[in-house]
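Let's take a walk through this protein together. Have the sequence and the 3D view open while you read.

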Amino acid sequence: MDRNEPEALPPPGHAEVRIVAATPDAARMVADVLRRCFAGGEQRSYPAPGGGTRLHLTVDTAHTAEPARSWLATSRPRSGTGPHPEEP
């Protein structure tokens, strides 16, 4: 694609996300967080200038990947995971 051509837009309800990181692991960690929020397709990874990693991911903004939970809900232990009231 010529750099002067406008980039094609993703279909309605989707977003293209580009992650640039120093390491592939850092880029994958960010992509994993996005996948917990939005349904998405395959990620594509490329070398970035300067030796880093560039990761492209398409997410479906119309559909969540799993039920969203607030940081407060995720920081609390799940019920039934602690000792029973009669246990010391």
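## A first pair of partners

Phe38 has Thr64, a residue of β3, as its bridge partner. This is a predicted model, where local features need pLDDT of at least 70 and side-chain atom pairs count only at pLDDT 80 or more, while totals for chains, interfaces and linings use all residues. Residues are numbered from 1 along each chain as its sequence is written, and side-chain values use heavy atoms, with hydrogens and water left out.

## The overall plan

What does the secondary structure of the protein come to? It comes to two helices and three strands. Here helices (H or I, at least four residues) and strands (E, at least two) are DSSP runs, numbered from the N terminus.

The strands make an open sheet in the order β1-β3-β2, with antiparallel pairing. β1 and β2 are at the edges with a single partner strand each, so one side of each has no neighbour in the sheet. On average, neighbouring strands here are turned by 20 degrees against each other, direction ignored. For such angles, axes are lines fitted to C-alpha atoms (for helices, over the stretch in contact), and the angles run from 0 to 180 degrees between N-to-C directions.

Now for the pairings; two strands pair if DSSP finds at least two bridges between them. β1 (residues 14-21) and β3 (residues 53-64) are joined antiparallel by eight bridges, and Val17 has its bridge partner in Leu57 of β3. β2 (residues 38-47) also pairs with β3 in the antiparallel sense, over eight bridges.

## Helix and core

Helix α1 (residues 24-37) lies across β1, β2 and β3, and runs at about 5 degrees to β3.

Which residues make up the largest nonpolar core? They are Ile19, Ala21, Ala27, Ala31, Leu55, Leu57 and Val59, seven residues in all. β1, α1 and β3 are the elements that give two or more residues to this core, and β3 has the largest share, with three residues. By nonpolar core we mean a set of buried Ala, Val, Leu, Ile, Met, Phe, Trp, Tyr and Cys residues joined through side-chain atoms within 4.5 Å. In soluble globular proteins, nonpolar side chains tend to be buried together.

Take a look at Leu55: setting aside neighbours within four places in sequence, Leu55 is in contact (heavy atoms within 4.5 Å) with residues including Val17, Ile19, Ala27 and Ala31.

## Zooming in on Thr58

The side chains of Thr58 and Glu16 make a polar contact at 2.6 Å. That term stands for a pair of N or O atoms within 3.5 Å; within protein, one must be able to donate a hydrogen and the other to accept it, and residues adjacent in sequence count only if both atoms are side-chain atoms.

Methods:
Buried means under 20% relative accessible area, exposed over 50%, partly exposed in between (1.4 Å probe, protein chains only).
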